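This briefing is for a reader who is new to the structure shown below.

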Amino acid sequence: MTQQDHSTLSTHPDTPNQVPGATAERSPSRTIRPRISALLCLAGFLAVYLIAVCTPFGQRAENALFNSSGANPAWIYNWSGTAYNSPALPPLDQTAMPTLLVGVSVIAAVTLVRRCWWQGGAAAGVVMATLGSKELTRMILPRPDLVGAHVSLIEPSFPSGHVAIPAGLALGAALVASPRIRPYVTAAGMLWLAVTAGAVQATYHHRPSDVLGSTLLACACYSLASRLLPPADAPGVTRRPRALPAVALALSAAGALVAGARDDSVTQSLVFAAAAFLCAALFWFTTAEGPAHTARRTRPALG
């Protein structure tokens, strides 16, 4: 009887069906995780609220961004729906609800065509959770009058509903989009978010903290949905064109600057543009690919 070599017959506990003489090797799997976790986004949301809304210096800083000129000096005034009988860029003014309905319909249609049921359910969950959490937090988070502000400045506006719509819809679309076009969907959503965030600030509908709060809520919902998806249905590793990140960031910066600009104050314009661009950057890094999980595969041992 020949004596068997136990070193070739031993198997790893994680691979009970491994072929004798095979060695385990780690290879990248198809699933990734967002770089920014849901917990980190929620912590950022709470920090923005506590600093900008619940402190006297935070309230003074944001209240100083409003003056008696109103929305007229905003560059985007004629496209914000604020002017009489003027068109409004989605989702500003009365276009908010139609934009939401059309966006959800598009996500549903893509889900049916691609038959990506898990991703479609996650996308719908991101949209609903973003808008639902926005409504809930606005109701339960008070805005105390700590600095004796004018009555027009003490109405609760944190977080922004207008910004929650493009953030939730764009993140949902990124979940159902095919890997080939997902980078471009992300770039387009990033630009849309930047323009919307800049516009609602320049027209005095929202403060910088409002737009940041909505974006952080949407990013938290996306990160949570991505982690709850089954590994086979989670967003896969995609190859982005090398120049796309720089182009997307540049376009978002330009959109934020134009949408947030005002004729009466350079300081206000820069602050509004910076907050809008930060929203776009948060969006980009949330959808960016984190380190891939690793899975074992086997190959015959040499020799």
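The points below describe the model topic by topic.

This is a predicted model, in which local features need pLDDT of at least 70, side-chain atom pairs count only at pLDDT 80 or more, and totals for chains, interfaces and linings use all residues. Residues are numbered from 1 along each chain as its sequence is written, and side-chain values use heavy atoms, with hydrogens and water left out.

**Nonpolar cores**

- A nonpolar core is a set of buried Ala, Val, Leu, Ile, Met, Phe, Trp, Tyr and Cys residues joined through side-chain atoms within 4.5 Å.
- Buried means under 20% relative accessible area, exposed means over 50%, and partly exposed lies in between (1.4 Å probe, protein chains only).
- The largest nonpolar core has 59 residues, of which Leu 175 and Val 211 touch the most other members.
- Two or more residues of this core come from each of helix 2 (38-52), helix 4 (96-114), helix 5 (117-140), helix 6 (161-176), helix 7 (182-202), helix 8 (208-228), helix 9 (244-260) and helix 10 (266-287).
- Helices here are DSSP runs (H or I, at least four residues), numbered from the N terminus.
- Helix 8 gives the most to this core, with 10 residues.
- A second, separate core has 11 residues, including Leu 65, Ala 83, Leu 153 and Phe 272.

**Aromatic pairs**

- Rings of Phe, Tyr and Trp (its six-membered ring) pair if their centres lie within 6.5 Å; planes under 30 degrees apart count as stacked, over 60 as edge-to-face and the rest as tilted.
- There are three aromatic pairs in the structure.
- One of them joins Phe 45 and Phe 158, with ring centres 5.1 Å apart and planes at 35 degrees, so the pair is tilted.
- This pair links distant parts of the chain, 113 residues apart: Phe 45 is in helix 2 and Phe 158 in the loop between helix 5 and helix 6.
- Tyr 49 and Phe 158 form a tilted pair, at 5.6 Å centre to centre and 35 degrees between the planes.
- Tyr 49 is also in helix 2, and 109 residues separate Tyr 49 from Phe 158.
- Phe 45 and Phe 158 are both buried, and Tyr 49 is buried too.
- Ring pairs link Phe 45, Tyr 49 and Phe 158 into a cluster.

**Salt bridges**

- A salt bridge is a side-chain nitrogen of Lys or Arg within 4 Å of a carboxyl oxygen of Asp or Glu, and the structure has two.
- Glu 135 and Lys 134 meet in one of them (2.2 Å, N to O).
- Glu 135 is partly exposed at 40% relative accessibility, whereas Lys 134 is buried at 7%.
- Arg 262 and Asp 264 also meet in a salt bridge (3.0 Å, N to O).
- Arg 262 is buried at 4% relative accessible area, whereas Asp 264 is partly exposed at 32%.

**Pocket and cavities**

- On a 1 Å grid over the protein atoms alone, a cavity is a set of points where a 1.4 Å probe fits but cannot get out, and a pocket is an open set with protein on both sides within 12 Å along at least five of seven lines; lining residues have an atom within 4 Å of a point.
- A volume is the space filled by probe spheres set on the points, which are joined across faces, edges and corners.
- The largest pocket has a volume of about 340 Å³.
- Its lining has 14 residues, and Phe 66, Ser 152, Leu 153, Tyr 204 and His 205 are the closest to its centre.
- The structure holds two cavities of 30 Å³ or more, and the second largest cavity has about 40 Å³ of space.
- Residues lining the second largest cavity include Tyr 49, Arg 138, Arg 143 and Phe 158.
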